[in-house]
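Subject: Structure handover

Hello,

Here is the structure I promised to pass on. Please open it alongside this note; my findings follow below.

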Amino acid sequence: MQQVEHTLLPAEWFPQSAVQLTWPHAGTDWAPILDEVIPCFVSIAKEIMKREKLVVVCPDTLEVKEQLGVFDEERVRFVELPTNDTWARDHGGISVFDPLGMMVYDFVFNGWGMKFAANKDNLITRNLYQAGVFAEEIQLVNMAPFILEGGSIESDGQGTLMATAECLLSVNRNEYLQREEIEHYLKDVFGVKRILWIENGYLAGDDTDSHVDTLARFCSEDTIAYVKCEDESDEHYDELLAMEEEIKAFRQENGDPYRLISLPMADEIVWEGERLPATYANFLIMNGAVLLPFYNSPKDEQARKALQMAFPDREVVGINCLPLIKQHGSLHCVTMQYPEGYVR
């Protein structure tokens, strides 16, 4: 990593050393559908291992090795830890470049506003550090008491952050802080010059209070991909239309409008009487590829083609994520990337 002059939250497309998966097991909410979700995790893991290292957090290494089958042992680091759940994006450490060196920020994870138990998951990042997963020069920074999930922020790597007001300003996280205080804090710790606040947009069945990574994503410094609903009878139509108008009004730091790429609104999927928050915005950018959630729909290919325009030099790989959304998340939610030089 080149020396930086100020704190910088890198974009997801920065070269990576590894991606973390926190593996599903019988002690998680996945228990009733483990036979469905394990193959999904295996598919994600194998795509990661083709391109970079994989860090697997799990309570039983031998069990996960059997599930993975044949793989390159040098590409995987297993760390046995107790876990509540599998959402690495939100309990994982957030990598930050600083003039003093490369750092991993360990924010408080409180189960998306105390909706779910998170006592074990909140300890994962510091336990990974103590286990020697990170390179020797990486510094772990305890960010308590501030509560923040990785899925709630998007960085362009150049000082612009994109986030939803619904999530970052919710009273079930940093209850006593006002918008101005939160904005000042984020600018300070991430070296951010400005924040693009999204005031509208949501997905039915979402437990995260509208994480930005379910709605709109930076694909490059000048490109934003976002979910567009074209069905006026869909409950999301008005909110996502309002969000689209907001994003159209966003400007780059130089004053130019962003290049916008619309992703189709995923087909309605209902399970146990509840609509699930399926979204094509929940993709993972990796070395040489983008992993895109598929939902067994004709819209899968529409989303792939749209995203290929945003990433012409990367392979866009579809992964069946129907099992993941049965617990109200998708592909990006179960992964956390670490930049080049971070993982041994």
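Let me start with strand pairing. Strand E15 (residues 284-286) and strand E16 run antiparallel and are joined by three bridges. Two strands count as paired if DSSP finds at least two bridges between them. Helices (H or I, at least four residues) and strands (E, at least two) are DSSP runs, numbered from the N terminus. Please note that this is a predicted model: local features need pLDDT of at least 70, side-chain atom pairs count only at pLDDT 80 or more, and totals for chains, interfaces and linings use all residues. Residues are numbered from 1 along each chain as its sequence is written, and side-chain values use heavy atoms, with hydrogens and water left out.

Back to the hairpin. Isoleucine 285 has valine 290 of E16 as its bridge partner. Two residues lie between E15 and E16 in this hairpin. Glycine 288 sits in the turn, with a positive phi of about 75°.

On its other pairing, E16 runs parallel to strand E17 (residues 315-320), with six bridges between them. Leucine 292 stands opposite glycine 318 in E17. From E16 the chain passes through helix H9 (residues 299-310) to E17, a right-handed β-α-β crossover. Right-handed means that, with the strands pointing away from the viewer, the path from the first strand over the helix to the second runs clockwise.

How covered is E16 (residues 289-294)? Six of its six residues are buried. Buried means under 20% relative accessible area, exposed over 50%, and partly exposed in between (1.4 Å probe, protein chains only). In a regular strand the side chains alternate between the two faces of the sheet. Ala289, Leu291 and Pro293 are buried on one side of E16, and Val290, Leu292 and Phe294 are buried on the other.

Next, the cavities. The whole structure holds four of 30 Å³ or more. A cavity is a set of points, on a 1 Å grid over the protein atoms alone, where a 1.4 Å probe fits but cannot get out; lining residues have an atom within 4 Å of a point. Grid points are joined across faces, edges and corners, and a volume is the space filled by probe spheres set on the points.

The largest cavity has about 250 Å³ of space. Its lining has 18 residues, and Leu9, Pro10, Glu12, Arg89 and Gln337 lie nearest the centre. Strand E18 (335-339) gives the most to this lining, with three residues. By class, the lining of the largest cavity has 10 nonpolar, five polar and three charged residues. Here Ala, Val, Leu, Ile, Met, Phe, Trp, Tyr, Cys and Pro count as nonpolar, Asp, Glu, Lys and Arg as charged, and the others, Gly among them, as polar.

The second largest cavity has a volume of about 50 Å³. Its lining includes Asp90, His91 and Phe107. Strand E5 (101-108) gives the most, with three residues.

Last, some backbone points. Most residues other than glycine have a negative phi, and most peptide bonds are trans. The bond from alanine 144 to proline 145 is cis, with omega near 10°. Proline 145 is in strand E6 (residues 139-147).

Methionine 114 has a positive phi, near 60°. This methionine 114 lies in helix H4 (residues 111-114) and is exposed, at 65% relative accessible area. Serine 210 also has a positive phi, of about 70°. Serine 210 is in the loop between strand E9 (194-198) and strand E10 (216-220) and is buried, at 6%.

Best wishes

How values were computed. 1 Å grid on protein atoms, 1.4 Å probe; cavity = no way out; pocket = protein on both sides within 12 Å on 5 of 7 lines; lining within 4 Å.
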